[in-house]
Amino acid sequence: MNTYDPAWLPDEAWHALRGRRALVLADGGPIADTLGGELHEGSDPDLVLALRHHADTSDAARAAVRRAPADLGPEGYAVTTHGHTTVVLAESEHGLLYGLFDLLRADPPADGGIRLERPHTALRKLDHWDNLSVHPRMGQVERGYAGGSLFWDDGRARNTPEELRRLHDYGRLLASCGINAITVNNVNVHEDAAHLLTDRLDDVVTIADALRPWGIRVHLSVSYAAPVLLGGLPTADPLAPDVRAWWQRTTEAVYEAIDDFGGYTVKADSEGQPGPHSYGRDHAQGANLLAAALAPHGGVVHWRAFVYDHRQDWRDRSTDRARAAYDEFTPLDEQFDANVILQVKHGPIDFQPREPVSPLLAAMPRTRLAIEVQATQEYTGQQQHVCYLAPMWSEVLGFRPYGEDDARTIADLGASGGFAAVANTGNSPFWCGHPLAQANLYAYGRLAWNPALDPDTVLAEWTHLTHPGAPDLVRTTVRSALEGSWRTYEKYTAPLGVGFMVRPHHHYGPDVDGYEYTPWGTYHHADRDGVGVDRTTVTGTGYSGQYPEPWSDLYDSPGTCPDELLLFFHHVPYTHRLHSGRTVIQHIYDTHAEGCAEAEEARRRWQRIAHLLPGERHRETASRYEEQVRCAREWRDQINAYFHRKSGIPDERGAERRECGT
Ligand code: GCU
């Protein structure tokens with residue numbers, strides 16, 4: 001093995017592609033140069049990568065042009081077969097790149113056939129929450145579970161030949177699943193990172209140069225207070241002419257250094273980060289300031305909608321954290337400039353294992369939106385637990401906010417400006433710490449390219465690519481380890497969508513009453529009689545009213561609210577009967593026992609393939625299964641004991657469970 005795992009780009013597959021006699025018909029650009037450099041050009045080619053306007057020089061490419069539609073789009077491509085020659089036809093070098101990777105995933109169509117692909121949206125971004133150096137409390141990568149940063153080491157951009165080689169391989173890995181943009185530093189911009197915008201720009205140039213050959217544009221998280229911190233101005237007020245001029249000058253200098261720079265990612269007025277509110281201005285005024293500086297260069301601002309009152313106390317319903325983003329941003333629809341993209345977390349709270357879809361994603365028709373998911377497993381087992389997140393993302397993306405009769409999905413409405421994911425990668429030998437967590441990175445890229453893909457199909461692709469030539473039992477075990485793993489995780493953690501119950505601050509392992517921001521009472525509102533948060537319109541915080549019909553009605557009543565979200569929307573007695581027929585309390589007991597048993601079974605199955613999958617990938621996963629099972633038991637025992645004590649209602653299957661030792 002290399003010093004790091006090849007993930008889903010095993011040398012064999014890549015070499016097989018590189019071994020073909022290729023012909024690249026493109027203009028000289030950084031990606032075309034990469035393709036030319038990676039592939040072996042030969043006479044009598046059997047693989048032709050052609051831009052449409054160069055197709056005339058090859059019979060096979062000409063035949064592809066005849067078959068393909070008139071315009072494949074800026075990143076789209078067609079794969080065709082002409083005799084013994086495979087052709088990738090595209091309008092741009094980006095399309096050629098994605099077409100080449102397509103051939104890793106699937107055989108070319110039969111002679112005369114054609115396969116067409118174009119991405120759902122143009123911006124498919126990965127946000128690294130990387131700090132430049134190790135942070136005393138958070139480590140180097142905030143919520144990072146995969147070692148240190150791939151970009152930064154002790155305050156500087158990594159730039160040794162080995163480090164740049166790895167960055168190059170990282171770019172290839174990301175491009176191969178369709179990711180085309182990356183934010184290289186944490187959204188919480190610490191002081192040293194703020195300087196990347198000005199006097200430390202060279203460091204960003206290093207990263208941009210390494211990723212450009214793979215069609216990946218670099219974005220930067222910036223501090224809203226930069227004019228004060230870096231420019232020596234007395235204010236960062238978005239309406240002050242000096243502040244405007246400063247952003248303009250600074251942004252010009254960025255584009256002089258990096259002409260394909262993507263833009264700024266901003267967390268403002270949230271969790272202590274500075275923002276326009278300090279000057280009595282709103283988010284639109286704040287975002288438009290940066291947008292104006294970026295617009296002449298074609299850059300965008302990703303303005304995050306993750307805002308909430310973190311002193312939430314439940315005594316006033318307007319402090320319900322779930323309501324915050326919608327309340328704050330919907331009045332501003334129509335006020336954002338065209339190059340502002342409002343980046344919205346997929347749920348209204350914070351990447352819990354189960355949340356309803358954020359209503360904001362359907363409520364800003366005149367604003368470009370990007371949906372943000374979290375590949376890093378902050379609340380989903382921190383890459384110690386297997387938790388394949390694509391089924392959750394896919395549910396969100398396919399959600400129809402106006403009901404089943406209206407075909408518009410969240411992927412259509414909430415991703416008009418693209419996708420963003422918090423990265424789960426780092427400099428661990430397996431990129432993601434847990435070898436199986438790579439599947440989440442891969443799936444994010446694939447779903448951002450095509451949100452309608454079936455997560456099981458994506459998993460099959462990843463498994464196949466990652467384990468070439470492995471015995472069937474290895475592949476079926478890997479797939480079954482991941483397939484239902486999100487549901488398993490959900491079963492042994494916080495029940496029925498209620499959320500949290502994790503240890504405060506680091507968010508790993510159970511602590512039923514542990515939540516950072518409720519000085520009065522608990523987050524889940526469990527008492528002697530019942531549990532759950534009343535977010536209904538009549539007696540609760542009114543959050544359910546933020547949804548359009550039919551969802552506002554459906555969520556508003558415990559009789560129609562889906563079981564898995566019941567405690568997110570309702571405070572109900574423990575004896576409340578779910579649609580499943582079980583009572584809430586018995587559901588808690590049963591699912592915690594089941595989830596834990598499922599984790600144990602997954603560990604057993606993994607042990608069974610030790611001889612078939614030798615090496616670190618098996619060992620590393622096996623040792624993480626030990627931790628997962630330990631932690632799942634801890635969750636089960638704490639949750640079940642807690643609710644038994646609170647409710648006084650025994651587990652009706654308690655005796656049976658004691659007998660079989662679960
Ligand atoms: C979560 C996470 C923080 C992060 C924040 C964000 O709250 O715990 O570490 O900074 O999300 O998305 O900005």
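Q: What makes strand 3 and strand 4 a pair?
A: Two strands pair if DSSP finds at least two bridges between them. Strand 3 (residues 77-82) and strand 4 (residues 85-90) run antiparallel and are joined by six bridges, so they count as paired. Strands here are DSSP E runs of at least two residues, and helices are H or I runs of at least four, numbered from the N terminus. This is a predicted model: local features need pLDDT of at least 70, side-chain atom pairs count only at pLDDT 80 or more, and totals for chains, interfaces and linings use all residues. Residues are numbered from 1 along each chain as its sequence is written, and side-chain values use heavy atoms, with hydrogens and water left out.

Q: Which residue is the bridge partner of Y77 in strand 4?
A: That's A90.

Q: What about D529 and R528?
A: Their closest N and O atoms are 3.6 Å apart, and they form a salt bridge too.

Q: Why is R528 called exposed, but D529 partly exposed?
A: Buried means under 20% relative accessible area, exposed over 50%, and partly exposed in between (1.4 Å probe, protein chains only). R528 has 64% relative accessibility, so it counts as exposed. D529, at 48%, is therefore partly exposed.

Q: Why is D406 partly exposed?
A: Its relative accessible area is 21%, so D406 gets that label.

Conventions. Salt bridge = Lys/Arg side-chain N within 4 Å of Asp/Glu carboxyl O.
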